[in-house]
Amino acid sequence: MAIIGLIIGFFMLVKGADWFVDGAAGVACKLRIPQLVIGLTIVAMGTSLPEAAVSITAALKQNAGIAVGNVLGSNVLNILIILGVTALITSVAIQQTTIRIEIPFMLLITFVLLWMGKADGKITRMEGSVLWLFFIAYLIYLFLLTRKQKEEKAQGEERMWKLLLCVVGGATVIVAGSNLTVNCATDIARALGMSERVIGLTIVALGTSLPELFTSVTAARKGNADIAIGNIVGSNIFNILFVLGTSALIIPLVFEASFWTDGIAAIVAGVVLWLAVFRRKKLVRPWGIVMLVMYAWYLFYLLFIS
């Protein structure tokens, strides 16, 4: 039953991502909103729902450490695995604003998070408020970006309500498929004798990032590269500012010493992404291989060294 559930879960992820990307791209065209902005907002926030649900629920249940570890681990995986796999399938073009503003901003807030954690070993409610101020500033930037970059109006006859239904329905199917896949894969892993720690570091971590993976790969293959890269960069920004900001407002988040490894890994992954696209303005296959090798080493470190 777990194997059947796993197959159904992957099918839901594929179809959900297909609907979600088509709907988001259609909305962008209808409203003359740049696809990059759609990727940085609707798609990024939609695919980050599993991380948001896990972290905020953990905070509500007083399990503050899970919230921080989930976000940092997901941010590393988003760049190294998801963009790595996407680059292996097809070259991903990246806009100048992403190189000049969004990626550096992602690195900045990761530095800020680490600095907050180092100060007193936790993310306080006041610091959660600061993260939320960053989030509001980010939303204002996206609004200004939308006004500055207008795309040509779509010529298609697809109605807006159908496009929005694709976005909402696709997101729902993606999250449901992600939960089903994680649960079934965990059952299979336990049956094979894998430890809870290994399951958490591999299957669950990858499972909460499956929406980003399928959405980015689908977007890149359909030629919507701005949605693919915007999805990942936007998700990482959303994870830190909204998810951890909101979690810290609920309860101060304990920042364990082990989180430094994940935080530094997230910064290194972001720097590698920035270097990979700085000159070419696109993410190509060789850099995708480098990212996957880096994640393999990071996972080896977590499992056998740390």
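Reader: How do the residues of the lining of the largest cavity divide into nonpolar, polar and charged?
Author: This is a predicted model, with local features needing pLDDT of at least 70, side-chain atom pairs pLDDT 80 or more, and totals for chains, interfaces and linings using all residues. Residues are numbered from 1 along each chain as its sequence is written, and side-chain values use heavy atoms, without hydrogens or water. The lining consists of Asn75, Ile79, Met106, Leu107, Thr110, Asn236 and Ala266. With Ala, Val, Leu, Ile, Met, Phe, Trp, Tyr, Cys and Pro counted as nonpolar, Asp, Glu, Lys and Arg as charged, and the others, Gly among them, as polar, the division is four nonpolar, three polar and no charged.

Reader: What volume does the largest cavity have?
Author: A cavity is a set of points on a 1 Å grid over the protein atoms alone where a 1.4 Å probe fits but cannot get out, and lining residues have an atom within 4 Å of a point. Points are joined across faces, edges and corners, and probe spheres set on them fill the volume. The structure holds one cavity of 30 Å³ or more, and the largest cavity has a volume of about 50 Å³.

Reader: Which helix gives the largest share of that lining?
Author: Helices are DSSP runs (H or I, at least four residues), numbered from the N terminus. Two elements give two or more residues to the lining, helix 4 (64-89) and helix 5 (96-120). The largest share, three residues, comes from helix 5.

Reader: How far apart are the end C-alpha atoms of helix 1?
Author: Helix 1 covers residues 2-30, which is 29 residues. The expected span is 1.5 Å times one less than the number of residues. Helix 1 should therefore span 42 Å, and this agrees with the distance between its end C-alpha atoms, 41 Å.

Reader: Which residue just after helix 1 takes a positive phi?
Author: Helix 1 runs over residues 2-30. Just after helix 1, a positive phi of about 55° is taken by Arg32.

Definitions and conventions
1 Å grid on protein atoms, 1.4 Å probe; cavity = no way out; pocket = protein on both sides within 12 Å on 5 of 7 lines; lining within 4 Å.
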